[in-house]
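Dear colleague,

Please find the structure below, handed over for your use.

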Amino acid sequence: MSQMAALGLALFCVCLTAAAQVLLKMGMSSPAIQQAMSGGIRAVYWLALTSPLIWGGMLCFGASAGLWLLVLGKLEVSMAYPLISLGVVLTTLAGIFILGEAVSIYKVLGVALVIAGVLVLSLKN
C-alpha cells in the first residue's frame, strides 16, 4: 500500500468513526431508550443491544479499528494520529447537519482550531 493510499484509508477510518458516533447518538436518543434511562440500567442495556442503530455504530467502530491497523502499518504514528482529530470536525458537522444540533461561535472556532492544528502537524520540516 502506498503512503497516499494509507492517508486515504486513514480518512476513511475517521469517517467511519464519525458515522459510528452519529448512529450511536441516534440509537440512544430513541424514545424507548430515553424512557428506560430514567429506570434501571438493565433495561437500557437490553434496548441498546436490540437497536439496529447501535449495532450499526458498533460495526462502524469495529471496522474503523481493524482498518486503522493497516494505516499504522504504513504511516508514522506522528502523521496518522493527528488525523483522528478530524473526527471531531466531522462529528460536529454531522451533529449540526444530520442531528439538528445548534451552531455556536464556540463550535465554529473549535472546528477551525482543530483543522489548523492538523494542518500544522502535517507540515514537513
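The protein chain exposes about 8,200 Å², and carbon and sulfur atoms supply 74% of this area (accessible areas come from the Shrake-Rupley method with a 1.4 Å probe; for residues, only the protein chains shown count as cover). This is a predicted model, in which local features need pLDDT of at least 70 and side-chain atom pairs count only at pLDDT 80 or more, while totals for chains, interfaces and linings use all residues. Residues are numbered from 1 along each chain as its sequence is written, and side-chain values use heavy atoms, with hydrogens and water left out.

The protein chain has 7 helices and 0 strands (DSSP runs numbered from the N terminus: helices are H or I of at least four residues, strands E of at least two). Its C-alpha atoms fill a box of roughly 55 × 35 × 20 Å along the principal axes. Of the 125 residues, 29% count as buried (buried means under 20% relative accessible area, exposed over 50%, and partly exposed in between, with a 1.4 Å probe and protein chains only).

M26 belongs to helix 1 (residues 3–28) and counts as partly exposed because its relative accessibility is 34%.

S64 lies in helix 4 (residues 52–74). With a relative accessibility of 6%, S64 counts as buried. Apart from neighbours within four places in sequence, S64 is in contact with C13, L16 and T17 (contact means heavy atoms within 4.5 Å).

Helix 4 also packs with helix 5 (residues 77–84) at an angle of about 145°, the axes being 8 Å apart (axes are lines fitted to C-alpha atoms, for helices over the stretch in contact, and angles run from 0 to 180 degrees between N-to-C directions). W68, V71 and L72 of helix 4 and V77, A80, Y81 and I84 of helix 5 make the contact.

Finally, S2 is in the segment before helix 1. The C-alpha atoms of S2 and L75 are separated by 9.5 Å, although these residues are 73 residues apart along the chain.

Yours sincerely
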